[in-house]
2 protein chains.
Amino acid sequence: MKFKVAFQGERGAFSEQAGLAFFDERMEPVAFNTFEDVFKSVKKGVVDFGVIPIENSLYGSIHQNYDLLQKYNVFIVGEVKLRIRHYLLANYGVNLKDVKKIYSHPQALAQCEKFLKSLSEVEIIPTYDTAGSAKMIKEKKIMDGAAIAGKQARKFYGLKILKAGIENHEKNFTRFLILSRKKIIARENPKTSIIFTTKNIPGALYRALGVFAQRDINLLKIESRPIIGQPWRYMFYLDFEGSIEDEVCSDAIRELKRLTDYYKFLGTYEKGREVG
Amino acid sequence: MKFKVAFQGERGAFSEQAGLAFFDERMEPVAFNTFEDVFKSVKKGVVDFGVIPIENSLYGSIHQNYDLLQKYNVFIVGEVKLRIRHYLLANYGVNLKDVKKIYSHPQALAQCEKFLKSLSEVEIIPTYDTAGSAKMIKEKKIMDGAAIAGKQARKFYGLKILKAGIENHEKNFTRFLILSRKKIIARENPKTSIIFTTKNIPGALYRALGVFAQRDINLLKIESRPIIGQPWRYMFYLDFEGSIEDEVCSDAIRELKRLTDYYKFLGTYEKGREVG
């Protein structure tokens, strides 16, 4: 059985790689231009699942996707922590000494700054996408240039590795979420994600976190986002250990709802492994 | 007495406008290309103060500046909440019907989407900077185009207002911080900003927030940022009401330090007024 899985970016993107790490050969990749298109296609049932980046271990949260989780009624059903390894890729026949131009997305270029500084007389050219730069050197048969992208792009476009692992930091992971229109509650090693806003009174956030602390429920992450139209008030995104179907967690949520103005369940899913 | 005040962007930027709202005619504006240059110039004493955006009421925090507050030893000594009003600006002699091209930064273009959709046969051209697009139409004497920028850019480049207040949301504020190399503790209407990391144990954040809640100290904002090299662990930025010199606050901080691995004081400063 195959699943249509939506992701943002060109074929060979890190999101596609994260999806493959989760679904293996059951994944039929469907590329979209924007994150919002991924959410829409999941919501409408055009695809079976979506995969979106939510956080990088060096650069922090991808806030647009936090906001889209609030906007669209989809559920988180899985998680992947993908080690981001960058490769210098070129067409077969090109050697490192031939490379006069290096193409990639500005963030990937920044993540490989140390390696790039070690090269001399090479022009650095920012592009819209890592996998897109691999696609471009392939399609235009560029023989004096190279692209920085992930291994999925190498595989998809059939490129040669000039140098592997050129990123500055080895602890560079991106956490991806798997989205579905259907609620699927994981039983193994579960974590749960919710959104809430507190009432506008002193100590409100502390009391909200207290419903978890008092039950020894371990908080994994808290993220705040602005509430549109209410400057300097915030929406909180909380990840905690456990399943929404555990008695202790559902009890905590029942108490939390009494303290909050707004509550939304995003999903109970298996904690992601580190892969790649 | 005049103060040299550093900001990022072209002359006429919203950061310059925020600085002027704070310092009035005592401000001598000094433009820099990057936020990091602003921090460096404050740290080295090249300028007296810096002004940086930290948060927008619609789009959220400017994380690069959170990270720079941790990296550089500078103090927050003031705050400005600037109403972001966008203006359609052109050279004198240009009327709305002459405008075939509109230039601005992508975020400003997005913030004026409703207005832009009301126009027909106009090309939208993204640029690197709002004030920079005003500068460009002035310098190139463009007579078939207009720029979207703030009123400070209008004034600085001597442009005509084709239309005022073209932003989608009226509750669009950006909060700016005033930076100094010297610690200056505000007495009037003070708020305090700190950074800390909790020990890696369940309930650690709850207990850290508890030192404030138990003393009825009102928390204004919490922001989390990744700790580099420790994936899925976070640094917390906290804003609370009160002065570091109040007994109740300094008592809270003393208790907080026992619960944290890392603590940094950023400043006690007067809560900013909404201006502009």
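Two strands count as paired if DSSP finds at least two bridges between them, and strands themselves (E, at least two residues), like helices (H or I, at least four), are DSSP runs numbered from the N terminus. This is a predicted model, where local features need pLDDT of at least 70, side-chain atom pairs count only at pLDDT 80 or more, and totals for chains, interfaces and linings use all residues. Residues are numbered from 1 along each chain as its sequence is written, chains are lettered from A in the order in which they are written, and side-chain values use heavy atoms, leaving out hydrogens and water.

Let's start with a sheet in chain A. Five strands make an open, mixed sheet there, in the order S8-S7-S9-S6-S10. At its edges are S8 (123–126) and S10 (160–164), each with a single partner strand, so one side of each has no neighbour in the sheet. On average, neighbouring strands are turned by 30 degrees against each other, direction ignored. S10(A) runs antiparallel to S6(A), residues 87–90, and four bridges join them; across that pairing, A:Leu89 sits opposite A:Ile161.

Now for helix H6, residues 130–139. In chain A, H6 lies across S6, S7 and S9, at about 150 degrees to S9(A) (axes are lines fitted to C-alpha atoms, for helices over the stretch in contact, and angles run from 0 to 180 degrees between N-to-C directions). In chain B, seven of the 10 residues of H6 are buried, meaning under 20% relative accessible area with a 1.4 Å probe, protein chains only. Among them are B:Met136 and B:Ile137. These elements of chain B are included in the cover:

| Element of chain B | Residues |
|---|---|
| Helix H1 | 14–23 |
| Strand S7 | 101–104 |
| Helix H4 | 106–111 |
| Helix H7 | 151–157 |

How do the two chains relate?

Beyond its neighbours within four places in sequence, B:Phe212 has contacts including B:Ile194, B:Leu238 and B:Leu256, contact being heavy atoms within 4.5 Å.

Technical notes:
Buried < 20%, exposed > 50% of the residue type's maximum accessible area, 1.4 Å probe, protein only.
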